[in-house]
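Dear colleague,

Please find below the structure that I am handing over to you.

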Amino acid sequence: MRLQGKLAIVTAAASGMGREGVRRFVREGARVAAIDISSEALNALVAEFGPDKVVPIVADLSTPEGARGSIDQAVDALGGADILWAHAGMPGPASVENLDMDAYRKAIDLNITSAALGAGQVAPHMRARGGGSIIFTSSISGLVGSMMSPIYSAAKWGVVGLGKSLALALAGDGIRVNVVCPGLADTPMKIGFTGRSGDPAEAAANEAKVVGAVPMGRLVKPGEVADAALWLASDEASFVTGVALPVDGGFTAR
């Protein structure tokens, strides 16, 4: 098993890609602290694998207290940390015109600030164990501009820069830092990108536009992104750091 005996932390762990990541990490031998805002969804994960494999931690990662405190809780519960997949994020405002500052700040806080605070909180614990793997979730919108989601795109470009910079800063400690960059995924958050107006027809049309621009002709599956994170977390990627890995069916290859 690729993560046998490893201690892993996953944020936004109770649905979509994060949930698939927890499942894969556990099946590959890790004990996982699963952080999410939904206690009900976390309890379903615990029921699936048992409390000896999944430790549920309820937190609002859009606040500094939640972002830092949840990592502290996770490390205390696990007895250390070898892996952090900082996966939390949200679409954010669709336009900079008449920008809702509260929505803007929450999007920035959840997409990039929580990742920075989580990495800063976990790094000393990884250093004490001789190294580790930090994985951030960005997006194809962190590699190319997004007409529909400018604030999200700005934040996710920041996540890529954060990952590359920390890869350099932490390499001497044996801590690898990488970024996964999914295309539009078939998850509950999809409608936040394609259907902001609430019109189902518009959402369907926007999704069709995205799929039409993907050379492989479909959306990414949550498990495919989780597979990429699993590989980056494992020793199979022992000499891989500072990478922003698209999982996008060729969208960014154009």
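What volume does the second largest pocket have? The second largest pocket has a volume of about 180 Å³. Before I go further, please note that this is a predicted model, in which local features need pLDDT of at least 70 and side-chain atom pairs count only at pLDDT 80 or more, while totals for chains, interfaces and linings use all residues. Residues are numbered from 1 along each chain as its sequence is written, and side-chain values use heavy atoms, with hydrogens and water left out.

The terms for spaces are as follows. The search runs on a 1 Å grid over the protein atoms alone; a cavity is a set of points where a 1.4 Å probe fits but cannot get out, a pocket is an open set with protein on both sides within 12 Å along at least five of seven lines, and lining residues have an atom within 4 Å of a point. Grid points are joined across faces, edges and corners, and a volume is the space filled by probe spheres set on the points.

The pockets

The second largest pocket is lined by 13 residues, and those nearest its centre are Lys6, Gly131, Gly132, Ser133 and Asp235. Its lining consists of 2 nonpolar, 6 polar and 5 charged residues. In this classification Ala, Val, Leu, Ile, Met, Phe, Trp, Tyr, Cys and Pro count as nonpolar, Asp, Glu, Lys and Arg as charged, and the others, Gly among them, as polar.

The largest pocket holds about 1100 Å³ of space. Its lining has 47 residues, with Met90, Tyr152, Leu184, Met189 and Phe193 nearest the centre. By class, these lining residues are 24 nonpolar, 17 polar and 6 charged. At least two lining residues come from each of helix H1 (16-27), helix H4 (101-128), helix H5 (150-170), helix H6 (190-194) and helix H7 (200-212). Helices (H or I, at least four residues) and strands (E, at least two) are DSSP runs, numbered from the N terminus.

Helix H1

One of the helices that line the largest pocket is H1. H1 has 12 residues and spans 17 Å from its first C-alpha to its last, close to the 16 Å expected at 1.5 Å a residue; the expected span is 1.5 Å times one less than the number of residues. Of the 12 residues of H1, 10 are buried (buried means under 20% relative accessible area, exposed over 50%, partly exposed in between, with a 1.4 Å probe and protein chains only). Among the buried residues of H1 are Glu20, Arg23 and Arg24, as well as Met17 and Phe25. Gly29 follows H1 and has a positive phi, near 105°.

The cavities

The whole structure contains 2 cavities of 30 Å³ or more. The largest cavity has a volume of about 60 Å³ and is lined by Thr11, Leu61, Ala67, Ser70, Ile71, Leu84, Ala86, Ser114, Ala115 and Gly118. Helix H3 (64-78), S4 and H4 are the elements that give two or more residues to this lining. The lining has 6 nonpolar and 4 polar residues, with no charged residues.

The second largest cavity holds about 50 Å³ of space. Among the residues that line the second largest cavity are Ile140, Leu184, Arg218, Asp248 and Phe251. Its lining comprises 7 nonpolar, 1 polar and 2 charged residues.

Individual residues

Thr11, one of the residues that line the largest cavity, lies in strand S1 (residues 7-11). Thr11 counts as buried because its relative accessibility is 7%. A polar atom of the Thr11 side chain lies 2.8 Å from the backbone nitrogen of His87. Thr11 also touches Ile35, Leu61 and Trp85, among others, when residues up to four places away in sequence are not counted; contact means heavy atoms within 4.5 Å.

Ala12 is in the loop between S1 and H1 and, at 21% relative accessibility, counts as partly exposed. Asn98 is in the loop between strand S4 (83-86) and H4 and, at 81% relative accessibility, counts as exposed.

Finally, Glu65 belongs to helix H3 and is exposed, with a relative accessible area of 60%. Glu65 and Ser114 are 49 residues apart in sequence and 9.8 Å apart in space, C-alpha to C-alpha.

With kind regards

Definitions and conventions. A polar contact is a pair of N or O atoms within 3.5 Å; within protein, one must be able to donate a hydrogen and the other to accept it, and residues adjacent in sequence count only if both atoms are side-chain atoms.
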